[in-house]
Amino acid sequence: MLPDDPRAAYEPVLEHPHPLTPIAKSWIALVAVGYFILRDAPDILQDTPSGGWGTIAEFWYVPIGLLVAVLAVSLIAGYLTWRFTSFIIDDEQVRIERNFISHRSERIAFTKIQSVDVTQPLVARLLGLAALRVDVGGGGSNASIEYLSRKRAYQLRDYLITRAHGTKATVAASAQTPIGTVFSDASAADRRVVSVPPSRLVASMIVTNSTVVFLIVIAALVVYGIIADQPLAWLSTSFLIPWALAMGAMILNRIRNEWNFVLTMTPDGGLRTASGLTSLTSQTIPRNRVQAVDISQPLLWRIVGWQRVRIDVLGLPTESSSSVPANLLLPVGSAQDVAIVLHALWPNLRLDAIAMRPIPKSARWLRWLDAQTYSWGYDEYVLVASGGLLRKRTSIVPHARVQSVRLRQGVIQRKLRLADVQAHTTPGPVDVVCQHLDETDARALAMSELDRMRAARSRPELSLLSTPPQPDRPPNS
């Protein structure tokens, strides 16, 4: 290397995760062993000659010793993993080295980073630690560092996001910017877009279509029991209880993941979600990679005007591997909240100004009860499809994000001269389908959509992001 080579002064500094990492990881093994002990202990004690409490008093050291042994083994394994794990995140490179048992080196180019998330499981959160997860999307493997101090994780997350956006920055300069708080990961420089009160979140989980169906089934079983004069025990145990347990588990899972949900906008114009009851997960949403938006509204939510917003994001998994769904932009909110969120995401979107067209009356042969709810429309920016009775969905896709258009027509639709037009985007929860259009309109929409796709990609002024992000309030608010 020549003396005047600028790389001559570069000396990468290896860092290790936080020293408390083995403790943060060991609790999982303890919980697993404790679960199996509590699960199998009654059966084991039942077969002992001295009875339950007598056996516990005599052999108390067995479960305690087992827990201590498991704790020791997990701590040793965690220490070795920590000792042989190192990383470099500086102004030149992102590299993670793992040399325990086998050697593995991960190098990540700044331009390949799709998003950077920070997760804080319960024990790590109590210890002031956080995990850094770098998502490279596509066929690349995601990289994670467990655990760093919360402050260090926030700083590195902000730095990597800045570099991923193509902005030249240094780690030292990024360390001077304000970092997020403990409970919501929102710094003084971030601007809160919308938040979901816990009371609204819990109420939205109770007031659902599933709850109504559950109550109807209970009422039907009670009436059946009275008329037939038969006990309902067998019905309760074989049908109602599993259903109730499944609903309870679903509600608890959503409360655990979506509690204290906050959507913020960072100084560089990015969106960030943070939520979690026991664990806090912060997820960065790259606005330029959002492919489509889905606004859903169950039947009972229409009474209070609540809606839910999900998105398709290029390069991100459809479901998070840990907790919060990777495609959730708003768990539940009012129409005003939805307008604010959409304006923060796509400032140029004017959803209310799009003229929506109903589907033909002949579609009632296929949609007896809800044909009047279906409509479709477009402007120079987006294509919109809406409809549904029990759950109304409004799907929005920018013309520039449409990858292909499919025209399909079933046997009955052919008899009724109807057809569907589907706009394909990246895989995700959003399915943009204009259903049951007149076949002439459907063909014209499919053919003209190709022209709008080309125009949107070649003309920057048709981008939904061209307006500088100043989403204090939507235009119509």
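Buried here means under 20% relative accessible area, exposed means over 50%, and partly exposed is in between, using a 1.4 Å probe and protein chains only. What you're looking at is a predicted model, where local features need pLDDT of at least 70, side-chain atom pairs count only at pLDDT 80 or more, and totals for chains, interfaces and linings use all residues. Residues are numbered from 1 along each chain as its sequence is written, and side-chain values use heavy atoms, with hydrogens and water left out.

**The whole protein**

- The average pLDDT (the predictor's confidence in each residue, from 0 to 100) is 82, and 85% of the residues score at least 70.
- Residues 468-473 stay under 50 in pLDDT.
- Of the protein's 477 residues, 43% count as buried.
- There are 13 helices and 20 strands; these are DSSP runs numbered from the N terminus, with helices being H or I of at least four residues and strands being E of at least two.
- Take the contacts (heavy atoms within 4.5 Å) with a separation of 6 or more: 59% of them join residues 24 or more positions apart.

**Helix α5**

- Helix α5 covers residues 150-164, 15 residues in total.
- Eleven of those 15 are buried, so α5 is mostly covered.
- R150, Y154 and R163 are among the buried ones.
- Just after α5 comes G166, with a positive phi of about 90°.

**Aromatic pairs**

- Rings of Phe, Tyr and Trp (its six-membered ring) pair if their centres lie within 6.5 Å; planes under 30 degrees apart are stacked, over 60 edge-to-face, and the rest tilted.
- That rule gives three aromatic pairs.
- Y79 and W82 make a tilted one, 5.8 Å centre to centre with 35° between the planes.
- Both Y79 and W82 sit in helix α3 (residues 61-83), three residues apart, or about one turn of the helix.
- Y79 is partly exposed at 42% relative accessibility, while W82 is buried at 17%.
- W301 and W306 pair edge-to-face, at 6.3 Å centre to centre and 85° between the planes.
- W301 is buried too, with a relative accessible area of 2%.

**Charges over rings**

- A charge sits over a ring if NZ of Lys or CZ of Arg is within 6 Å of the ring centre and within 35 degrees of the ring normal.
- R163 lies over the face of F110, 4.1 Å from the ring centre.
- R452 does likewise with Y378, at 3.7 Å.

**An exposed loop residue**

- I101 lies in the loop between β2 (94-98) and β3 (104-108).
- I101 counts as exposed because its relative accessibility is 81%.

Methods:
The expected span of a helix is 1.5 Å times one less than its number of residues.
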